[in-house]
Amino acid sequence: MSQDNEHKHSDHGDHRGGHGGDTPLIQPQKQSFFGSLWSSFLAGVVVVAPIGITIWLFYLLFTGPMAKLDAFVKRTLPVGDTTLEKVLQVLPGVGVLVAFIVLVILGALAKNFVGRSFIRAGERLIESVPVVRNVFGFFKNVFETALRQSDRSFKEVALVEYPRKNAWVMAFVVGETKGEVMAKLDDQGDALTSIFIPTVPNPTSGFLLFVPRSDLRILRMSVEEAAKVVFSLGLVVPEYTDGAAAAAKLEEMAASAAEKEPLRKRLFKSWKD
């Protein structure tokens, strides 16, 4: 009787094996030729589009504004019969280089007391003209705001609980809170930090918060990487490797390599065989 049961069980196992009992019940649908072609096309677009757009933008920059600046500066340079002057007129990019050097010199003078005095005198002269002063004041404010390097620039990326407990958002650390805000909130007992919480996917708007430094969880990713996370709605996340996990993996690889027979012994063993 037991032999009959064993025979039935073996037949049942053979029957399951013939029908692929170990294979998944839902087989993945094979992609058609046109579907595979379209998928390959999209993959090619992802590879080529960023490179092509970058090259195109730099081409427009160098053939448009940069070329005009180069030609303008060359026209202002003295023209003579010497070899150096001829080379300066023919060699491309010399005008841009000269403009760069002039801007560096003006910037260095702007940091000097004497240079600042001349610059202020020129600005007062421009601001005395009724219509020109409005245009000049607008662009001056724009460039000073955009190019000013101070403690208000983003330094770090952090996580903070907002707008409720156990709900975390990504924030950009502006710096230490100062001025009247810090004076009014000195009863908090901890140094306050100014943070900016951007809205997604438009990081140009957001919320400015003043929170204790201890409430922040600082991330190792850079500001640029965090901006990519915000722009992509969290789809693009920079790679992260935990130090403990990496060390454990290295130890595992070293242990597996130690267990294996040395290459010299394996080669001699195969040669002897």
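This is a predicted model: local features need pLDDT of at least 70, side-chain atom pairs count only at pLDDT 80 or more; totals for chains, interfaces and linings use all residues.
Residues are numbered from 1 along each chain as its sequence is written, and side-chain values use heavy atoms, with hydrogens and water left out.

The protein chain contains eleven helices and five strands, where helices (H or I, at least four residues) and strands (E, at least two) are DSSP runs numbered from the N terminus. Of its 273 residues, 13% count as buried; buried means under 20% relative accessible area, exposed means over 50%, and partly exposed lies in between, with a 1.4 Å probe and protein chains only. Among contacts (heavy atoms within 4.5 Å) with a separation of 6 or more, residues 24 or more positions apart account for 37%.

The interior can be followed through its nonpolar cores, a core being a set of buried Ala, Val, Leu, Ile, Met, Phe, Trp, Tyr and Cys residues joined through side-chain atoms within 4.5 Å. The largest one has nine residues, namely Val157, Met170, Phe172, Val174, Phe196, Met221, Ala226, Val229 and Val230. Strand S2 (168-176) and helix H9 (223-231) each supply at least two residues of this core. A second, separate core has eight residues, including Ala158, Val160, Val173 and Val211. Met170, a member of the largest core, touches residues that include Val157, Met221, Ala226, Val229 and Val230, and also Ala158, when residues up to four places away in sequence are not counted.

Helix H9 also holds Phe231, which is exposed, with a relative accessible area of 55%. Leaving aside neighbours within four places in sequence, Phe231 is in contact with Pro201 and Pro203. The C-alpha atoms of Phe231 and Thr199 are separated by 9.5 Å, although these residues are 32 residues apart along the chain.

The count of salt bridges comes to one, taking a salt bridge as a side-chain nitrogen of Lys or Arg within 4 Å of a carboxyl oxygen of Asp or Glu. Arg213 pairs with Glu156, and their closest N and O atoms are 3.0 Å apart. Because Arg213 lies in the loop between strand S4 (206-212) and strand S5 (217-218), while Glu156 belongs to strand S1 (residues 156-161), the pair ties together parts that are 57 residues apart in sequence. Both partners are partly exposed, Arg213 with a relative accessible area of 35% and Glu156 at 27%.

Some backbone details remain. The peptide bond from Tyr162 to Pro163 is cis, with omega near 0 degrees, and Pro163 lies in the loop between S1 and S2. Asn166 is placed in the loop between S1 and S2 as well; its phi is near 70 degrees, a positive value in a residue other than glycine, and Asn166 is exposed, with a relative accessible area of 59%. Leu233, in the loop between H9 and helix H10 (243-259), has a positive phi of about 60 degrees although it is not a glycine, and at 57% relative accessibility Leu233 counts as exposed.
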